[in-house]
Amino acid sequence: MEEVRVFPLTCAVQNYAWGKIGVDSEVAKLVVGGDPLAVIEEGKPYAELWMGAHPKGDAQIKDNRIAQTTLGQWIAHFPASLGSKVKDTFHGQLPFLFKVLSVNTALSIQAHPNRELAARLHAQFPEHYPDNNHKPEMAIALTRFQGLCGFRPVEEILGFLTSVPEFRALVGNEAAEELQCSMGDAVQTSQVLKKCFTRMMNCEKKVFVDQLNMLVKRVTEEGAAGKDTSSSNGDLLLRLHSQYPGDIGCFSIYFLNHMTLEPGQAMFLGANEPHAYLYGDCIECMACSDNTVRAGLTPKYIDVNTLCEMLSYSPAPATSKIFPCVQDASDPCVSLYDPPVPDFTVMRIQVPASVKQYTVAPVDSASILLVIGGDATATSAAALSDVMLRRGSVLFVSANESVSLHITSQSGMNMFRACCLL
């Protein structure tokens with residue numbers, strides 16, 4: 001029998017505590033859209049949908065003509081489906097993990113190691129760093145999405161050191177003055193910024209908890225009196241403190257850019273870039289790794305020394321962290337998010353309501369297609385039978401296969417596709 005090379009997937013859901021609850025979660029809505037029989041439990045968080053072949057969440061194949069039950073097993077049997085370049089470069093593995101995240105409470109202050117550091121951490125602490133791969137990642141907003149990303153311009157950090165005495169107490173007067181004096185010398189600034197951040201992160205627990213309590217009390221009282229608390233970043237401080245009381249991560253808002261992405265906007269997080277997701281729903285794509293170095297806003301293992309050593313201390317404005325997408329030259333429906341790493345590229349495919357026949361073009365890479373909105377019947381020589389697509393459907397497409405869509409919805413189609421364009 002001819003081998004099926006395009007098929008639907010049932011994807012793993014991760015119920016991490018920070019996820020949006022029940023049907024408020026975009027993840028939950030997509031799960032029910034893709035499988036009307038799925039049961040969503042009210043009161044349970046639906047944090048992540050994993051679309052890929054990662055051993056912690058290998059997708060199930062929804063086609064009973066296929067002997068293998070998971071995508072990872074199937075790719076192991078048919079590595080040519082990856083595309084010859086991808087297969088050789090990534091040793092027969094799907095190089096990316098595609099996700100949807102629904103964030104209700106903040107994720108930890110974190111960064112991901114480069115390959116060299118990942119290998120070292122994995123060798124020394126395999127229980128905390130489960131593999132030896134780097135983990136660059138990109139987030140594309142589905143709803144308004146808030147996060148922290150990269151160090152703020154020094155002027156902004158100095159502004160907070162002046163207007164937030166509790167923050168200055170943790171950094172120390174000496175380091176704060178050094179930062180002021182380093183202005184204009186990028187190398188010097190980077191070194192002093194590292195000193196300031198490290199001093200804060202290594203502060204004795206009693207000291208920072210006392211300062212944090214004083215700060216929260218002051219901001220709460222100022223807010224109650226109708227004063228503007230923006231010079232202390234008051235709203236965000238109180239929100240994070242309510243989620244993680246007594247956590248040093250609450251002070252990171254004075255060092256890191258506070259980003260708000262509108263739907264379709266993206267941020268790319270390269271190795272050693274400090275970040276934390278705060279609220280909203282996004283598409284995420286990353287190298288296939290689970291290595292994360294954390295240092296606050298989390299109940300998980302924290303590794304302050306590794307984080308402070310590895311970070312990229314390059315101050316830059318929030319606007320510089322927005323990653324641009326480009327129009328695909330050959331298809332007006334496709335926007336490309338193509339980061340400066342080989343492991344993955346994401347395409348956003350928006351088919352207008354006027355178009356009823358659309359072809360998902362072949363690429364020389366295995367790809368995963370997620371339907372965010374719209375209905376269609378998908379046909380492909382490699383599918384051997386039609387596949388009904390609707391909101392929440394996930395389709396695996398082998399390298400160099402095209403898929404024809406007969407669109408039945410009145411409002412067109414909105415899809416995201418992850419692949420590896422070497």
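Between which strand and which helix is the loop that holds His 112? In this predicted model, local features need pLDDT of at least 70 and side-chain atom pairs count only at pLDDT 80 or more, whereas totals for chains, interfaces and linings use all residues. Residues are numbered from 1 along each chain as its sequence is written, and side-chain values use heavy atoms, with hydrogens and water left out.

**View 1. Loop position of His 112.** His 112 is in the loop between strand E8 (110-111) and helix H4 (115-124); helices (H or I, at least four residues) and strands (E, at least two) are DSSP runs numbered from the N terminus. His 112 is buried, at a relative accessible area of 1% (buried means under 20%, exposed over 50%, partly exposed in between; 1.4 Å probe, protein chains only).

**View 2. Residues annotated as "binding site".** The unreviewed UniProt entry places this feature at Gln 110, His 112, Glu 137 and His 275. Such positions follow the numbering used here, feature names are shortened, and annotations may be inferred rather than shown by experiment.

**View 3. Surroundings of Glu 137.** Glu 137 lies in strand E9 (residues 137-141) and is buried, with 2% relative accessibility. Setting aside residues up to four places away in sequence, Glu 137 has contacts (heavy atoms within 4.5 Å) that include Gln 110, His 112, His 275 and Tyr 277.

**View 4. Side chains of His 112 and Glu 137.** These side chains are joined by a polar contact of 2.9 Å (a pair of N or O atoms within 3.5 Å; within protein, one must be able to donate a hydrogen and the other to accept it, and residues adjacent in sequence count only if both atoms are side-chain atoms).
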